[in-house]
Amino acid sequence: MSSLKIGFVGLGVMGAPMAGHLLAAGHQLFVHTRGKVPPALADAGATPCTNARAVAERADIVFLMLPDTPDVEKVLFGEYGVAAGLARGKAVVDCSSIDPIATRGFAARIAELGCDYVDAPVSGGEVGAKAASLSIMAGGTDAAFERVRPLLALMGKNITHVGAVGDGQVCKVANQIIVGLNIAAVAEALVFAGKAGADPARVRQALMGGFASSRVLEVHGERMLKRSFQPGFRIALHQKDLNLALQGARSLGVALPQTAIAAQLMQSCAALGLAQADHSALVRALETLAQHVLAES
């Protein structure tokens, strides 16, 4: 692929390594973030811009990686937002995990400017972002998706065009339901094993060889036992995603009882001061209920 002018807004835990892969592939990169541009990106040749509009003015394809729906709306349509810097024929790719309905509205407004819009939320956390092994679920027209797919392939391995605009966000909400419930299940199993007097580390090892084995048991189970709660994906963000699921369920008339329980466990962790911890710290809520800690810090 020839060198492209690419913009990237949002250089947090996941955004920074994602942008780094685009830069390493030889593309020109124009960036803006709320804090300082990570030195590794600046040293590698990324061009800092004063605001999102300046990014859009200089880039042909603009990626967003932001925490929540209001953040995306502000970056797109604020006074110095992306929309103000777009020209006909450019494209916006939103890798944030946000409200599917709002996404469809954002896409319609960008389309009125003569630009493509793809929602491409990602899964895999900090580990996947650094390894360029993210799962990416995209929504948009066939042409828009094919246009940006080579760039998505620099950041992820499992890239799926789910359907129309917004369908990528729907898929991500479904992903977060499954991940949240799996974290809760692993936490319950390990707390139960520990409270019953068994060694939870050996229980986890045994379960890894059976039908209960999962990526969550492998990675997050180890985090729970090692008390390694530095965020790959923060509880506050998973709370946001589960709330999106429950809001969508209400509007659709669908019951998501287990999702509601997982959301309450996340809320319990937030009340314990763990909103910025990794979502594997959900185990702390169950440990508090059981009055049993799996392992000392």
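Me: Is the crossing of H9 and H14 left-handed or right-handed?

Reply: Helices (H or I, at least four residues) and strands (E, at least two) are DSSP runs, numbered from the N terminus. A crossing is left-handed if the near helix is turned anticlockwise from the far one by less than a right angle, and right-handed if clockwise. H9 and H14 cross in a way that counts as right-handed.

Me: What kind of model is this?

Reply: Residues are numbered from 1 along each chain as its sequence is written, and side-chain values use heavy atoms, with hydrogens and water left out. Local features need pLDDT of at least 70, side-chain atom pairs count only at pLDDT 80 or more, and totals for chains, interfaces and linings use all residues, since the model is predicted.

Me: At what angle do H9 and H14 pack?

Reply: Two packed helices are described by the angle between their axes and the distance between the axes. Axes are lines fitted to C-alpha atoms, for helices over the stretch in contact, and angles run from 0 to 180 degrees between N-to-C directions. The axes of H9 and H14 are 9 Å apart. Their packing angle is about 35°.

Me: How many charged residues are in the contact of H9 with H14?

Reply: Contact means heavy atoms within 4.5 Å. Ala184, Ala187, Glu188, Val191 and Lys195 of H9 meet Val283, Leu286, Glu287 and Ala290 of H14. Ala, Val, Leu, Ile, Met, Phe, Trp, Tyr, Cys and Pro count as nonpolar, Asp, Glu, Lys and Arg as charged, and the others, Gly among them, as polar. By class, that gives six nonpolar, no polar, and a charged count of three.

Me: Why does H9 count as roughly perpendicular to H13?

Reply: H9 (residues 167-195) packs against H13 (residues 257-271) with axes 9 Å apart, at an angle of about 65°. That makes the pair roughly perpendicular. Angles under 35 degrees count as roughly parallel, over 145 as roughly antiparallel, the rest as oblique, and the roughly perpendicular range is 65 to 115.

Me: How many nonpolar residues are in the contact of H9 with H13?

Reply: From H9 come Ile177, Gly180, Leu181 and Ala184. They meet Gln258, Thr259, Ala262 and Leu265 of H13. Three residues of this contact are polar and none is charged, while the nonpolar ones number five.

Me: How many residues does the largest nonpolar core have?

Reply: A nonpolar core is a set of buried Ala, Val, Leu, Ile, Met, Phe, Trp, Tyr and Cys residues joined through side-chain atoms within 4.5 Å. Phe8, Met18, Phe63, Val93 and Leu152 have the most contacts inside the largest one. Among the elements that each supply at least two of its residues are strand E1 (5-9), helix H1 (15-24) and helix H8 (142-152).

Me: How many residues are in the second, separate core?

Reply: This core includes Ala184, Leu217, Met266 and Leu274. Its residue count is 28.

Me: Is Ala132 buried or exposed?

Reply: Ala132 sits in the loop between helix H7 (125-131) and strand E8 (134-139). Its phi is positive, about 55°, although it is not a glycine. Buried means under 20% relative accessible area, exposed over 50%, partly exposed in between (1.4 Å probe, protein chains only). At 14% relative accessibility, Ala132 is therefore buried.

Me: Is Gln291 buried or exposed?

Reply: Gln291 lies in the segment after helix H14 (283-290). It is a residue other than glycine, yet its phi is positive, near 50°. Its relative accessibility is 66%, so Gln291 counts as exposed.

Me: What is the relative accessible area of Asp241?

Reply: Asp241 is part of helix H12 (residues 235-252). Leaving aside neighbours within four places in sequence, it is in contact with Ser97, Val173, Gln176 and Phe233. Asp241 counts as buried because its relative accessible area is 2%.

Me: What is the relative accessible area of Arg223?

Reply: Arg223 lies in helix H11 (residues 215-226). Its contacts beyond four places in sequence include Asp278 and Ser280. Arg223 is buried, with a relative accessible area of 16%.

Me: What separates the C-alpha atoms of Ala52 and Leu252?

Reply: Ala52 belongs to helix H3 (residues 52-58). It is buried, with a relative accessible area of 4%. Ala52 and Leu252 are 200 residues apart along the chain, and their C-alpha atoms are separated by 35 Å.
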